[in-house]
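The sequence and the three-dimensional model are shown first, and the description follows.

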Amino acid sequence: DVYQKRGGYRATEKALKKMKPAEILEEVKKANLRGRGGAGFPAGVKWSFVPSTDKPKYLCVNADEGEPGTFKDRYIMSHNPHMLLEGIIITSFCVGISVAFIYIRGEYEAIALRLEQAISEAYENGFLGKNILESGFDLDVYVHRGAGAYICGEETALLESLEGKRGNPRLKPPFPASVGLWQCPTVINNVETISNISHIILKGAEWFVKQGLPKDGGTRIFGVSGMVKNPGIYELPLGTSLKDIIFKHAGGMKEGKKLKAVIPGGMSAPILTADEINIKMDFDSLVEANSMLGSAAIIVIDEKTSILDVLKVVTKFYSHESCGQCTPCRIGNSWINKIVKRIAEGKGKKEDIDNILRLASNIEGNTLCPLGDAAAMPILSITKKFRKELESHV
């Protein structure tokens, strides 16, 4: 009721009663909405890859949110689940989908129950089910709980898990848009991506682009954690300076300590030193700086934090979360973690730093899915940028 009082589901009425699917697709393309899950692929372009076919089509909303430091989707689902549902309805109508799944991480049980409550409210009010708003469009939405695997945030592993199999990534191509869930065309988008759709339809693509950058429309929800005075989520225009996010919005460094480093887009993003934070937070600017925006999770590290401890956390996580399918990732991450643990115990060897770099380089670009790169990139950047500090522990 509160969502509707605040203009909720008006975009659904506009899309289903006044627009054709092709018009919705064109509007989303013009909005330059790039995927908010990490890869930054344009949503409208992704939808356009879905072929015309008699097979069923599916939408899978990626709510796995396993990237360390990331907690933006949790807030959307817990505080405004109907905004997500409205985006699901419009996306499904646009692409010709009649069944949608929200794949939510198993640890988010309370939020899963809240989503299910919101879905039942949407059914009761005629926004889900048969003949929605007398448009002839049918849609059913289901919440599917994951079982606590970071790898299932990767889109093809998510599909395998949803089908009841072990969450191992698939070989691509074929891509999910043509061969996805149960070998049918499937759209996979992140929670934050889908939650933008109703605003694009209601206020138009031009308005949406003006909120951000010409090639990167809208706002981003930045999740700031670590050694800042005011950790939390901040919705800001794309292109906002990282320095401003830390020192203006998040209140600056805790206890007056100096900034040492920042992880700008979740743990898989290459680390930035304190000298590199005068940078715009958008996809292209961070790629130019040899990092990435990823999930826009900003982890702030202060001068008193040992970079060896950071590396230990990173390597432990990726060695544990590798699905084990690809040898470079399975063996390489485990081996790097053992070396880092040995250095932390005071038993390091001179050649250890070079071995970490060699092993991480052998993982990068040599795995089926992006987890290999997601592990190798932060390990390489931390080791190269803070080599002297790491060597001091050997």
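Predicted model: local features only at pLDDT ≥ 70, side-chain atom pairs only at ≥ 80, totals over all residues.

Tyr9 counts as buried, at 3% relative accessibility. Tyr9 belongs to the loop between α1 (2-5) and α2 (10-18). Its phi is near 75°, a positive value in a residue other than glycine.

Glu65 also has a positive phi, near 40°, and is likewise a residue other than glycine. Its place is the loop between β1 (58-63) and α5 (72-79). Glu65 is buried because its relative accessible area is 8%, and buried means under 20%.

**Overall form**

The protein contains 18 helices and 9 strands. Its radius of gyration is 22 Å, close to the 21 Å that the globule rule gives for 394 residues, so the protein is as compact as a globular protein of that length. The C-alpha trace spans about 70 × 45 × 35 Å along its principal axes. Of the 394 residues, 56% are buried. Among contacts with a separation of 6 or more, 69% are between residues 24 or more positions apart.

Opposite Gly223 stands Ala297 in β9. Strands of a sheet pair through backbone hydrogen bonds, either parallel or antiparallel.

| Cis peptide bond | Omega | Position of the second residue |
|---|---|---|
| Lys172 and Pro173 | about -10° | Pro173: loop between α8 (155-162) and β4 |
| Pro173 and Pro174 | about 5° | Pro174: loop between α8 and β4 |

Thr186 is found in strand β4 (residues 186-190). With a relative accessible area of 2%, Thr186 is buried. What surrounds this residue? Leaving aside residues up to four places away in sequence, Thr186 touches Tyr58, Cys60, Leu159, Pro176, Ala177, Gly180 and Leu181. For Leu181 there is also a polar approach: its backbone nitrogen lies 2.8 Å from a polar atom of the side chain of Thr186.

In soluble globular proteins, nonpolar side chains tend to be buried together. Here the largest nonpolar core has 56 residues, and those with the most contacts inside it are Ile88 and Ile102. Helix α6 (residues 81-95) provides the largest share of this core, with 9 residues. Ile88 touches Leu59, Val61, Ala100, Ile102, Leu139, Val141 and Ile194, again not counting residues up to four places away in sequence. A second, separate core of 51 residues includes Phe101, Cys369, Ala374 and Leu390.

Helix α17 (residues 371-385) has 15 residues. From its first C-alpha to its last, α17 reaches 22 Å, close to the 21 Å expected at 1.5 Å a residue. Is this helix mostly covered or mostly uncovered? Helix α17 is mostly covered, since 11 of its 15 residues are buried. The buried residues are Leu371, Gly372, Ala374, Ala375, Ala376, Pro378, Ile379, Leu380, Ser381, Ile382 and Thr383. One of them, Ala374, is also included in the second core. The elements that cover the buried residues of α17 include α14 (307-321), α15 (327-344), α16 (352-363) and α18 (387-392).

Lys312 lies in helix α14. Is Lys312 buried or partly exposed? At 32% relative accessibility, Lys312 counts as partly exposed, because that value falls between the limits of 20% for buried and 50% for exposed. Beyond residues up to four places away in sequence, Lys312 touches Asn337, Val340 and Ala344. Lys312 and Pro237 are 75 residues apart in sequence, and their C-alpha atoms are 33 Å apart in space.

Methods. Residues numbered from 1 in each chain as written. Heavy atoms only, no water. Pairing = 2+ DSSP bridges. Helix = DSSP H or I, 4+ residues; strand = E, 2+ residues; numbered from the N terminus. Buried < 20%, exposed > 50% of the residue type's maximum accessible area, 1.4 Å probe, protein only. Polar contact = N/O pair within 3.5 Å; in protein donor to acceptor, adjacent residues only side chain to side chain. Contact = heavy atoms within 4.5 Å. Expected span 1.5 Å × (residues − 1). Core = buried A, V, L, I, M, F, W, Y, C linked by side-chain atoms within 4.5 Å. Rg over C-alpha atoms; globule rule 2.2 N^0.38 Å.
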